[in-house]
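Please look through the sequence and the model below before reading on.

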Amino acid sequence: TRSTRPQRMLKAVQKNAIRGNPESVISAIDYFCKHSEWAMNVGDEKGCILDSVVTEVDPSTVLELGTYCGYSTVRIARLLSPGTKFITVEFNPASAEVARKIIAYAGLQDKVTLVEGASGDLIPQIKKLYGITTFDFIFLDHWKDRYLPDIKLFEEYGLLRKGSVLLADNVICPGTPEYLEYVRNSPRYESRYYPSHLEYTKVEDGLEKSLFLG
Ligand SMILES: O=C(NCCCCCn1ccnc1)c1cc(-c2ccc(F)cc2)cc(O)c1O
Ligand SMILES: [Mg+2]
């Protein structure tokens, strides 16, 4: 049967990247998406903004919602200090399978815990299952209509601390209007928009960074 796009992306990584070299894995995926098939990775332009925020926060605990094929997982994990706890959540088993292989190809499997399941089910259990009290950095890149309900779960289950940073992809395209309205109007957050473009295109998109004020 016909392969899937994530499977073809994995093949491109295995063919064109150097095992154990995260930069080459990132480049191989970007090349594949620019020259072979578009895919919904955060991409190189927004990826540089992601890198700068992760570097600035230098988090000890990280949560990513929406692993997909592991591109942003690799971007984040390659920047983390040893001992950092990094959990990434993927709903789609086929994507998760490819992501595990791409993360391992980059040599970052020991830095990442990939959890398969729905964020809404997992968030209430994270403290119990993974011994995490609060997250220093959260990257939202999953279903766009889950950003708002999930940030409310973070608040409800005490997973944020004064200074926690949330970074949300796709706030323009496909768009997350309710989430934007919430973080920009809530007195509990200080938000800033980073203009950019939809991965591998000229379409307007951007990232919203929100600082939890406690
Ligand atoms: O839907 C997206 N991501 C979620 C994928 C499923 C997540 C499953 N999951 C994981 C954990 N919990 C649930 C997404 C879409 C686009 C896009 C933009 C333009 C276009 F024409 C088509 C698509 C661009 C992105 O950058 C995206 O992130
Ligand atoms: Mg995205």
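At the start of α5, which side-chain oxygen reaches to within 2.8 Å of the backbone nitrogen of A94? In this predicted model, that oxygen belongs to N92. Beyond its other end comes G107, whose phi is positive, near 80°.

Several residues of α5 are buried, namely S95, A96, V98, A99, I102, I103 and Y105. An α-helix has 3.6 residues a turn, so residues three or four places apart point the same way. The buried residues of α5 pack against the helices α1 (5-16), α2 (22-35) and α4 (71-77), and also against the strands β2 (85-90) and β3 (113-116).

Because D141 lies in the loop between β4 (137-140) and α8 (147-156), while N170 lies in the loop between β5 (165-168) and α9 (171-175), the pair ties together parts that are 29 residues apart in sequence. Both D141 and N170 are buried.

Ligand 1 has 16 residues around it, of which D141, K144, D169, N170 and E199 come nearest. Oxygen atoms of ligand 1 lie 2.8 Å from a polar side-chain atom of D141, 2.7 Å from a side-chain N or O atom of N170 and 2.6 Å from a polar side-chain atom of E199. Of the 630 Å² of accessible area that ligand 1 has on its own, the protein covers 76%.

Methods
Residues numbered from 1 in each chain as written. Chains lettered and ligands numbered in written order. Predicted model: local features only at pLDDT ≥ 70, side-chain atom pairs only at ≥ 80, totals over all residues. Heavy atoms only, no water. Buried < 20%, exposed > 50% of the residue type's maximum accessible area, 1.4 Å probe, protein only. Helix = DSSP H or I, 4+ residues; strand = E, 2+ residues; numbered from the N terminus. Contact = heavy atoms within 4.5 Å. Polar contact = N/O pair within 3.5 Å; in protein donor to acceptor, adjacent residues only side chain to side chain. Near = heavy atom within 4 Å. Areas by Shrake-Rupley, 256 points an atom, 1.4 Å probe, with all protein chains shown as cover.
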